[in-house]
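Please look over the sequence and the model below. The report that follows covers salt bridges, the sheet and one surface patch.

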Amino acid sequence: ESLALGPAGPITGVVEARRFRGDHVRVVVATDAGAGLELEVREEPLPEVGDRVAVVVDPARVTLLRAS
């Protein structure tokens, strides 16, 4: 994953949902810009639904796709 929750980041929003997936939790974030993001979270503590969160981007793990 190139996206992760962090103490501060360029993307902020509110947790809309959490989905347990065995060894991780998918956290759905409604960003302040109006986009929806799903992040794979493995560390504790997990944010609660309704919590404000920041999303950080790891540029080394981003893959750009060329538009055709």
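## Salt bridges and sheet

R42 is partly exposed, because its relative accessibility is 48%. Here buried means under 20% relative accessible area, exposed over 50%, and partly exposed in between (1.4 Å probe, protein chains only). The model is predicted: local features need pLDDT of at least 70, side-chain atom pairs count only at pLDDT 80 or more, and totals for chains, interfaces and linings use all residues. Residues are numbered from 1 along each chain as its sequence is written, and side-chain values use heavy atoms, with hydrogens and water left out.

R42 forms a salt bridge with D23, with the closest N and O atoms 2.8 Å apart. R42 sits in the loop between β4 and β5 and D23 in the loop between β2 and β3, so the pair ties together parts 19 residues apart in sequence. A salt bridge is counted when a side-chain nitrogen of Lys or Arg is within 4 Å of a carboxyl oxygen of Asp or Glu. D23 counts as exposed, at 54% relative accessibility.

E40 takes part in two of the pairs tabulated here.

| Salt bridge | N to O distance |
|---|---|
| R42 and D23 | 2.8 Å |
| R42 and E40 | 2.7 Å |
| E40 and R26 | 3.8 Å |

E40 is partly exposed at 27%, while R26 counts as buried at 17%. A network of salt bridges links R19, D23, R26, E38, E40 and R42. The structure holds seven salt bridges.

Next, the sheet. Five strands form an open sheet in the order β1-β5-β2-β3-β4, with antiparallel pairing. β1 (3-6) and β4 (36-41) are at the edges with a single partner strand each, so one side of each has no neighbour in the sheet. Strands are DSSP runs (E, at least two residues), numbered from the N terminus. Two strands pair if DSSP finds at least two bridges between them.

Four bridges join β2 (residues 11-20) to β5 (residues 52-57). V14 stands opposite R52 in β5. Four bridges also join β1 to β5. G6 has A54 in β5 as its bridge partner.

What forms the nonpolar patch on the surface? V57, V62 and L64 do, with about 290 Å² of accessible area together. Patch residues have over 30% relative accessible area and no salt bridge; like charges are joined within 9 Å, nonpolar side chains (Val, Leu, Ile, Met, Phe, Trp, Tyr) within 5 Å. Areas come from the Shrake-Rupley method with a 1.4 Å probe. L64 is in the segment after β5 and counts as exposed at 78% relative accessibility.
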